[in-house]
Amino acid sequence: MAVHRYHLTFPKELVTEPIIYYLGKNFNVITNIRRANVDQDGGWVDLEIEGDEEEIERAIESLRQKGVGVDPIERQVIE
Amino acid sequence: MKRIKSLKCRECGSEYPLEPIHVCEYCFGPLEVEYDYDVLSELVTPEKVAQGPPSLWRYYDMLPIDSPIEECVDLGAGFTPLTKAERLGERLGLNRLYIKNDTLNPTWSFKDRVVSVAVTKAKEFGFDVAACASTGNLANSLAAHAAKAGMRCFVFVPSNIELNKVVGSLIYSPQLIAVEGDFDEVNRLCIEVASNYRWAFVNINIRPYYSEGSKTIAFEVLEQLGWRAPDHIIVPVASGSLLIKVWKGIKECHRIGLIDSIPTKVHAAQASGCAPVVNAFKSGATTVRPVKPQTIAKSIAIGNPADGIYALRALRESGGTAEDVTDDEIVEAIKLLAETEGIWAETAGGVTVAVLKKLVEQGVIKKDELTVALITGAGIKTVEAVADSLCQPIRIKPKLKAFEEALRCLTT
């Protein structure tokens, strides 16, 4: 089992969708929100995901497909 | 008594030992070096600083380093000139404008400050390999400092970038890894590599120490002004780290009694093509919405800045503001700084000067207020940004008559 940490960014149009609920329902992963800030205009969630590497990858890909920004918890380190 | 206490989470305040870690295990917040300011108050005096070396290491006591000062990895970064900008000031309508000229660092950018501290700390932790993902200032600086330190150096870049972008790093013989992917993929790979190899990724696992090096630019400004803080300081913003460390540096100097008061407003400068922090500031938001960068100011084009929300807090706490400028304004500002002060800045410097101009026009900065603009990198790094907009040479025959003819044309 692997554990990964991500910084998710939600655009305004996705705020009303229960996206993290579906992550746990559609994929065999355990989600754990560590910190978040969401309002009517969008927001972000720092999320820990536990599961098999491949399952996590599929879960992350589904988030990207939906339009959620997915970055490592460190975000962009290229300067 | 120890002057450096611990690493502390900026969000939840959890404390950690001083190790090569960067994220809080509880809330995933970033870790920050905590000092014992009572100890620092005793230790640091203007006289002691003045006796230190003419480099950033004169502020050794206020940096998270345990090695003796003689063992610090030093190419001479820091203690760059703070120049009174009479001619630029006149053009902008400012009587007390100063330029902090960080183009004069060993690899021509302020990154030498952070890298000098990071590589010193990496050696202290016993790392043999220093690494980073960058095509620009950071890679140049890391490759040079790793060479000096005798460490192996890995630089990760996307495989499709032009060779001339990395010559400034290759000269120091790092291992250059060209990754078949875009910047985001290189970014993700580096974070994975950092967690799988015991290497010092200066801006990942060494980041809490690395970023402390940025404070020294603020320390120097205050010292060079005779231990007083300016009314305004304009800072170019990429990840936001420099801005928050400038603010932290000013507050630290106040806390330990090096300066009496903090009249300083810290202002953020970004390019319009990548202005997530400015957008958030102007809209009154507390979070920063990522953007896709599109600007010539590539060295500060970070669309999803890690320290964005902390930069917002620092701006608001200091009473400062935030502005963005177009690529054309950036080019004009680079030329203005060069022709008035003889300083050739890279595009980030153009952003700073163009925003300074805007803030004066808006009345945010008044004529007689003490103002400092941070010029963080040299123009030689971004030649292509200005090459097409410069005037062309005047071609003449090798005859005095031809020269006089040309001269007449110039003066009429």
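Biologist: What kinds of residue form the lining of the largest cavity?
Modeller: Rolling a probe the size of a water molecule over the atoms shows where empty space is left. A cavity is a set of points on a 1 Å grid over the protein atoms alone where a 1.4 Å probe fits but cannot get out, and lining residues have an atom within 4 Å of a point. Here the lining of the largest cavity divides into twelve nonpolar, four polar and nine charged residues. Nonpolar means Ala, Val, Leu, Ile, Met, Phe, Trp, Tyr, Cys or Pro; charged means Asp, Glu, Lys or Arg; the others, Gly among them, are polar. This is a predicted model in which local features need pLDDT of at least 70 and side-chain atom pairs count only at pLDDT 80 or more, while totals for chains, interfaces and linings use all residues. Residues are numbered from 1 along each chain as its sequence is written, chains are lettered from A and ligands numbered from 1 in the order in which they are written, and side-chain values use heavy atoms, with hydrogens and water left out.

Biologist: What is the volume of the largest cavity, and which residues are closest to its centre?
Modeller: Its volume is about 290 Å³, taken as the space filled by probe spheres set on grid points joined across faces, edges and corners. Of its 25 lining residues, His22(B), Pro30(B), Arg207(B), Ala306(B) and Asp307(B) are the closest to the centre. At least two lining residues come from each of β3 (42-51) of chain A and β3 (31-35), α8 and α12 of chain B. Helices (H or I, at least four residues) and strands (E, at least two) are DSSP runs, numbered from the N terminus. The whole structure has three cavities of 30 Å³ or more.

Biologist: Which elements line the second largest pocket?
Modeller: A pocket is an open set of points with protein on both sides within 12 Å along at least five of seven lines. Two or more residues come from each of β1 (2-10) and α2 (53-66) of chain A and α7 (183-196) of chain B. α7(B) gives the most, seven residues.

Biologist: How much area do chain B and chain A bury between them?
Modeller: The size of an interface is often given as the accessible area lost when the parts come together. With a 1.4 Å probe and the loss summed over both parts, chain B and chain A bury about 2600 Å², 51% of it on carbon and sulfur atoms. In chain B, Phe28(B), Arg289(B) and Asn304(B) lose the most area, together 25% of what that side buries. In contact terms (heavy atoms within 4.5 Å), 34 residues of chain B meet 25 residues of chain A.

Biologist: How many salt bridges cross the interface of chain B and chain A?
Modeller: A salt bridge is a side-chain nitrogen of Lys or Arg within 4 Å of a carboxyl oxygen of Asp or Glu. Three cross this interface. Arg289(B) forms a salt bridge with Asp39(A), their closest N and O atoms being 3.6 Å apart. Over all chains the structure holds 33 salt bridges.

Methods
Buried area = accessible area lost by both parts, 1.4 Å probe.
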